[in-house]
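I opened this notebook to record what I looked up in a structure that is new to me. The entries follow the order in which I worked.

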Amino acid sequence: MPNNLLSREKQHLANLLEAIQRCVYFLNASHAAIKWPLTGSVLMVRKKDTDLFEALAAINERFAKLQDTLGSAMRHSLLLSGEQADSFLKVLAIFEKNQVISSVEDWQVARTARNLAAHDYEINYADVADHFNTLNTLTRNLYQTARRFVIYCESELGICPRTLDFSEEFYLITKLDLLYFHRLGKTTL
Amino acid sequence: MRLTTEQINAIVTTSRTVAGVDTLVWLYGSRLDDTRHGGDIDLLIEPAPAVSLLDRARIKTLLEQRLNLPVDILVKNPCAEENPFVSMVRAQAKLLEITS
């Protein structure tokens, strides 16, 4: 690839797309280690279970990483599509219009919920269970956003993840999730 | 108290829209001190019935959009045990009511 600015911008987006797929892969692995939904009484009984709480900590971190990486990639992709976005709100509005995110409000609520969860979970196990069950619900929506964004980048910008190392699992994980949504008869929260 | 009538009405209305009409909303922290400037809006919300984390996130998001100010919310659900921090907050908080 020629070493000019445009190529480097495209390369950066390709890296971010691979990072998104990688985040989904590892978030899904942490998610699979938990029996959902959580309850306060289960967490109380297992309060010294380091495997359980390490998986939960990983979910917190990986959920945040996926959302942040998606945000960075959406902002960066607009540079390449020639759209003007002077604020992140505008970035979100553009991707709502393109049907990549379900709505600006859903995105903002998910981000706030994640921050509340990160700050608040402590020794009230019913609250801890509520926090992680909420992240679990939001994760499904986030997977669909990731899937739609990766497809958008390929179809609209001709940019794919840097490697295909995580692609197969990424499409499988997000496809299974899509089937879950269809079973519920809805596409968002 | 450093909140306008419009801000108070927006806070109470938004909180009750998400959390129920019987929800109590208390203001605490630096916005009660008329000698200070700026700062977050700190709210203790007592919903009826209980609200989820997602509802708390909705309240915070909607309030920050409507007020264009940072908002911190503390929720005391009816079924939850009162913790010492909530007791301390309520002792110095002011109940917000809709006024015309």
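**Entry 1: terms and conventions.** I take helices (H or I, at least four residues) and strands (E, at least two) as DSSP runs, numbered from the N terminus. I note that this is a predicted model, in which local features need pLDDT of at least 70 and side-chain atom pairs count only at pLDDT 80 or more, while totals for chains, interfaces and linings use all residues. Residues are numbered from 1 along each chain as its sequence is written, chains are lettered from A and ligands numbered from 1 in the order in which they are written, and side-chain values use heavy atoms, with hydrogens and water left out.

**Entry 2: the interface.** I looked up the contacts (heavy atoms within 4.5 Å) and found that 10 residues of chain B touch 13 residues of chain A. The buried area, meaning the accessible area (1.4 Å probe) that two parts lose on being put together, summed over both, is about 1,100 Å² between chain B and chain A, and carbon and sulfur atoms give 65% of that area. I record that L53(B), L54(B) and T61(B) supply 46% of what chain B buries against chain A, more than any other three residues. For the residue classes, I count Ala, Val, Leu, Ile, Met, Phe, Trp, Tyr, Cys and Pro as nonpolar, Asp, Glu, Lys and Arg as charged, and the others, Gly among them, as polar.

**Entry 3: salt bridges.** I apply the rule of a side-chain nitrogen of Lys or Arg within 4 Å of a carboxyl oxygen of Asp or Glu. I looked up the salt bridge between the side chains of E18(A) and R162(A), at 3.3 Å, N to O. This pair links distant parts of the chain, 144 residues apart: E18(A) lies in helix α1 (residues 5-32) of chain A, and R162(A) lies in the loop between α6 and α7 (167-184) of chain A.

**Entry 4: pockets and a cavity.** On a 1 Å grid over the protein atoms alone, a cavity is a set of points where a 1.4 Å probe fits but cannot get out, a pocket is an open set with protein on both sides within 12 Å along at least five of seven lines, and lining residues have an atom within 4 Å of a point. Grid points are joined across faces, edges and corners, and a volume is the space filled by probe spheres set on the points.

Which elements line the second largest pocket? I find that α4 (88-97) and α5 of chain A and α2 of chain B each supply at least two residues, and α5(A) gives the most, with 5. This pocket holds about 300 Å³ of space. Its lining has 13 residues, and L89(A), Q108(A), T61(B), E64(B) and Q65(B) are the closest to its centre.

The largest pocket has a volume of about 950 Å³. I count 33 residues in its lining, with N124(A), D127(A), R56(B), V75(B) and N83(B) nearest its centre. The lining divides into 15 nonpolar, 8 polar and 10 charged residues.

I found 1 cavity of 30 Å³ or more in the whole structure, and the volume of the largest cavity is about 90 Å³. Among the residues that line the largest cavity are F63(A), W107(A) and L142(A). The largest share of this lining, 4 residues, comes from α6(A).
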